[in-house]
Amino acid sequence: MSTTSSSSLLAPLQIGSLTVGGRLFKSATSETRSSVDGFVTDELLEFYAPMAGAGTPLIVTGNLYVSLQGKSTERQAGIDADDKKPGLRDWVQLAHGGHALLIAQLNHGGRQTIKSGVPGQPTVSASSVREPLFGTKPRSLRSDEIPGVVSDFASAAERARDVGFDGVQIHAAHGYLLSQFLTPHTNRRTDGYGGSLDNRMRLLREVYRAVRKRVGDDYPVLLKINGTDMMPLRRGAATADLVRVALALQDDGIDAVEVSRGHYESWPATVLGHYRGFIRAEVFEGAVAELPWYRRTAMLAVAPAVERAAERLAPGGEGFNLPQAEQFTTALDIPVICVGGFHTKSGMEAAIESGRCDAVSAARAFIADPYLFQHIQAPASDPPVCGYCNGCIARHGGKPIDCYVDDIRARKDQMVAAAKRATAGKEDT
């Protein structure tokens with residue numbers, strides 16, 4: 001076991017022009033804490049304040065929609081217009097006050113939404129393939145609309161740079177729009193954006209190049225991509241193909257890659273862990289509460305069997321994306337970040353020291369313990385530890401992101417309150 005002073009988690013990492021002072025990052029989470037029209041709120045900042053205060057080396061925001069067309073859930077924060085800039089600047093200042101770097105994750109939800117962010121208009125995707133979880137039937141993006149999507153990403157990146165974000169991350173994972181173009185199952189186009197892998201990655205490369213042109217050569221631009229779509233019986237993108245996509249983006253100039261997995265359709269791919277009560281929480285307290293009653297009733301009817309099957313077939317475990325991330329690390333020269341179930345110092349260090357990835361990121365572990373980076377350096381007495389029940393994820397789009405296990409949440413809240421009292425005490429002296 002490494003000593004704290006020599007921990008690989010505390011070694012600096014170069015991401016383009018950015019020197020990151022450690023190798024445990026906070027990965028993106030859907031917060032459901034913005035205003036209904038996508039503005040930063042005090043509620044959103046409160047979620048990030050303890051992570052920033054703990055000196056987390058690098059924090060990636062929840063997915064920020066680059067256009068109303070790309071908005072995927074209620075109370076999702078946006079970066080689609082200049083009037084969002086003041087709140088986004090507050091977010092940056094909060095992070096920098098704790099010496100944390102803040103990366104804006106740029107996203108277009110595509111078909112993975114219950115309803116379009118633009119009233120009266122259908123959702124869009126690479127092709128008109130129904131999303132089975134929400135029942136959404138998108139229309140295929142027309143070729144003449146694609147330049148507008150590219151421009152939306154570039155404009156969003158420029159706003160992020162202007163307000164002081166330390167970089168941006170292009171979200172091409174988890175079955176959102178750019179991922180929908182990469183995946184054969186969701187991309188059945190016959191034009192220059194479909195068919196071959198080169199064609200399926202064309203939109204992503206155009207987005208990256210437009211972003212790079214807008215923000216300049218020295219501004220860090222990261223990529224989030226699946227290591228596997230985890231889509232049995234459907235034409236998911238294979239790991240080897242996804243590595244080829246990352247290599248092409250590396251050739252274009254991307255600065256780092258974060259490896260995840262899955263689409264909404266391939267549930268529970270992105271949230272491997274435990275699932276008892278997941279569907280019920282989703283139906284009554286999450287985004288699914290907006291679905292028609294008959295779909296919610298059907299989901300509740302099959303929930304026990306589906307959750308039991310998921311528990312057996314997709315148990316997760318610490319570092320569950322490492323087998324795929326390792327293939328990216330072997331092929332790429334830029335840093336590879338692996339997300340997926342990390343919560344122990346020993347597990348994180350092993351992932352890095354074995355050479356399977358260059359850094360690790362965590363989402364659910366930070367929801368349970370926002371002081372996680374602090375605690376890997378100086379272990380706390382009885383810290384809150386995520387049990388991967390996925391209650392936080394089940395409620396996204398309905399209730400604010402938080403831990404929904406009472407005892408874990410109580411310990412977390414006590415720690416946050418104690419930290420606030422300590423800060424107030426220092427300010428009074």
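Biologist: How do the residues of the lining of the largest cavity divide into nonpolar, polar and charged?

Modeller: This is a predicted model, in which local features need pLDDT of at least 70 and side-chain atom pairs count only at pLDDT 80 or more, while totals for chains, interfaces and linings use all residues. Residues are numbered from 1 along each chain as its sequence is written, and side-chain values use heavy atoms, without hydrogens and water. A cavity is a set of points on a 1 Å grid over the protein atoms alone where a 1.4 Å probe fits but cannot get out, and lining residues have an atom within 4 Å of a point. With Ala, Val, Leu, Ile, Met, Phe, Trp, Tyr, Cys and Pro as nonpolar, Asp, Glu, Lys and Arg as charged, and the others, Gly among them, as polar, the lining has 20 nonpolar, 14 polar and three charged residues.

Biologist: Which residues are closest to the centre of the largest cavity?

Modeller: The volume of this cavity, the space filled by probe spheres set on the joined grid points, is about 620 Å³. Of its 37 lining residues, the closest to the centre are Ala28, His174, Thr270, Val271 and Ile393.

Biologist: Is Asp402 buried or exposed?

Modeller: Asp402 lies in the loop between helix H14 (391-394) and helix H15 (406-428), helices being DSSP runs (H or I) of at least four residues, numbered from the N terminus. Because its relative accessibility is 8%, below the 20% limit (1.4 Å probe, protein chains only), Asp402 counts as buried.

Biologist: Which residues does Asp402 touch?

Modeller: Contact means heavy atoms within 4.5 Å. Leaving out residues up to four places away in sequence, Asp402 touches Arg33, Ile367, Cys392, Arg409 and Lys412.

Terms used. Helices (H or I, at least four residues) and strands (E, at least two) are DSSP runs, numbered from the N terminus. Buried means under 20% relative accessible area, exposed over 50%, partly exposed in between (1.4 Å probe, protein chains only). On a 1 Å grid over the protein atoms alone, a cavity is a set of points where a 1.4 Å probe fits but cannot get out, and a pocket is an open set with protein on both sides within 12 Å along at least five of seven lines; lining residues have an atom within 4 Å of a point.
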